[in-house]
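Try each task on your own before you read its solution.

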Amino acid sequence: MSEYVIETQGLTKYFGKTCVVSELNLKVPKGSIFGFLGRNGAGKSTTIRMLLGLVEPSRGSAQVLGKDCWNLSPDDRARIGYLPEGHHVYGWMTIEECGKFQAAFYKHWNASIFEAVLSHFRLDRKGRAGNLSRGQRAGLCLALVLAPEPELLILDDPALGLDPVARRSLIQSMLYVTRTTDRTILFSSHLLSDVERVADEIAVLDLGTLRASCKLETFRQHVRQFVIRHDGNEPPLPDLPGLLQTFRTDTETSLTFANIGPAEIQRIQVLTGNRIEEVPLSLEDAFVTYVGERGAKSFFTKDLEDVK
Ligand SMILES: Nc1ncnc2c1ncn2[C@@H]1O[C@H](COP(=O)(O)OP(=O)(O)OP(=O)(O)O)[C@@H](O)[C@H]1O
């Protein structure tokens, strides 16, 4: 099999006349924890559903575990664990019964993983699934999806509704799964501090278009913020290439760039008399600026898409 567990070529989806996923070329390396990022409505769930053969692509193709996503056999599907948004459960079953019911669908079922995740989330095996809180339901669903030990885990917004402790359990489970075996996780999330803790690769989808797909570190190295301190007389700044955002106060101007080079930094240093200082950006700050309101979108595609 290729070094990628997921590969898409020009994957596109229209709902009616609206294009919600456009010409997506995605590569998810085997063994990675891959964060799939994008604002609400960016097209993440639709992409995930196409990868699982649940929604038919309008154009393009995708291979999952080396197989065409639209023709996955039951055996192929058994190698993929999918945690959909919403965390649906059969409410009338006890947690124990949910486990037995799910286990019957799989050749392989690791009961100790199931138990360990339930314990992490402090779930009472005799309790009814229908009585669980949103976060507890997410824990049960996670236990159900991890126990078959799938080669590829696809988690659609798994942290939604989880408290900080439960989110940490989720992260630990994700790390455990990929650290002990050659397994891959693709997950979507809006909680970028979690993504920062766990992901080694990310893709950024914006209005259905891939704006970046690279190592987490690469993304952070390419989106940088500088602060210029001044005494109220703001230094003149020419049109700077890659400038994503400017924020001014009476004594500071902060500039955020994508792909700024050493020559441009030196130019600003000269213009500002060296009163420039780089400030570290969290993934959340970098992401918000990157997919923010500034219009020059073609610039992003050109410079950060498929950076490896
Ligand atoms: N079955 C459908 N019919 C019509 N439009 C749809 C359908 N499913 C999704 N959409 C639209 O496609 C766009 C992308 O939706 P999608 O659920 O893929 O986004 P998302 O990135 O997962 O968003 P979120 O982060 O809010 O979950 C949205 O504008 C949504 O309204």
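**Exercise 1. The ligand shell**

Task: List the residues that surround the ligand, and find which helix gives the most to the shell.

Solution. Start with the shell itself, where a residue counts as near if one of its heavy atoms lies within 4 Å of the molecule. The ligand is surrounded by Phe15, Val20, Arg39, Asn40, Gly41, Ala42, Gly43, Lys44, Ser45, Thr46, Glu85 and His190. Next, look at the helices, which here are DSSP runs of H or I with at least four residues, while strands are runs of E with at least two, both numbered from the N terminus. Helix H1 (residues 44–51) gives the most to the shell, with 3 residues.

Before going on, two notes on the model. This is a predicted model, in which local features need pLDDT of at least 70 and side-chain atom pairs count only at pLDDT 80 or more, whereas totals for chains, interfaces and linings use all residues. Residues are numbered from 1 along each chain as its sequence is written, and side-chain values use heavy atoms, with hydrogens and water left out.

**Exercise 2. Polar contacts and cover of the ligand**

Task: Find what lies across from oxygen atoms of the ligand at alanine 42, glycine 43 and serine 45.

Solution. A polar contact is a pair of N or O atoms within 3.5 Å; within protein, one must be able to donate a hydrogen and the other to accept it, and residues adjacent in sequence count only if both atoms are side-chain atoms. At alanine 42, a polar backbone atom is 3.1 Å from a ligand oxygen. At glycine 43, a polar backbone atom is 2.9 Å from a ligand oxygen. Then take the area: on its own the ligand has 640 Å² of accessible area, and the protein covers 59% of it. Such areas come from the Shrake-Rupley method with a 1.4 Å probe; for residues, only the protein chains shown count as cover.

**Exercise 3. Helix H1**

Task: Is H1 mostly covered or mostly open?

Solution. Buried means under 20% relative accessible area, exposed over 50%, and partly exposed in between (1.4 Å probe, protein chains only). By that rule 7 of the 8 residues of H1 are buried, so the helix is mostly covered. They are Lys44, Ser45, Thr46, Thr47, Ile48, Met50 and Leu51. Just past the helix, glycine 53 has a positive phi of about 75 degrees.

**Exercise 4. The largest nonpolar core**

Task: Which residues of the largest nonpolar core touch the most other members, and where does this core lie?

Solution. A nonpolar core is a set of buried Ala, Val, Leu, Ile, Met, Phe, Trp, Tyr and Cys residues joined through side-chain atoms within 4.5 Å. The largest one has 54 residues, and Leu140, Phe187, Ile202, Phe219 and Tyr290 touch the most other members. Helix H5 (residues 134–146) gives the most to it, with 8 residues. Domain 1 (4–207) and domain 2 (222–307) both contribute residues, so this core lies between them; the domain bounds come from an automatic or database domain assignment. A second, separate core has 28 residues, including Val21, Leu24, Leu51 and Cys69.

**Exercise 5. The whole chain**

Task: How many helices and strands does the chain have, and how far apart are the domain centres?

Solution. The count is 11 helices and 15 strands. Taken over C-alpha atoms, the centres of domain 1 and domain 2 are separated by 35 Å. The contact (heavy atoms within 4.5 Å) takes 10 residues from domain 1 and 9 residues from domain 2. Finally, 50% of the 308 residues count as buried.
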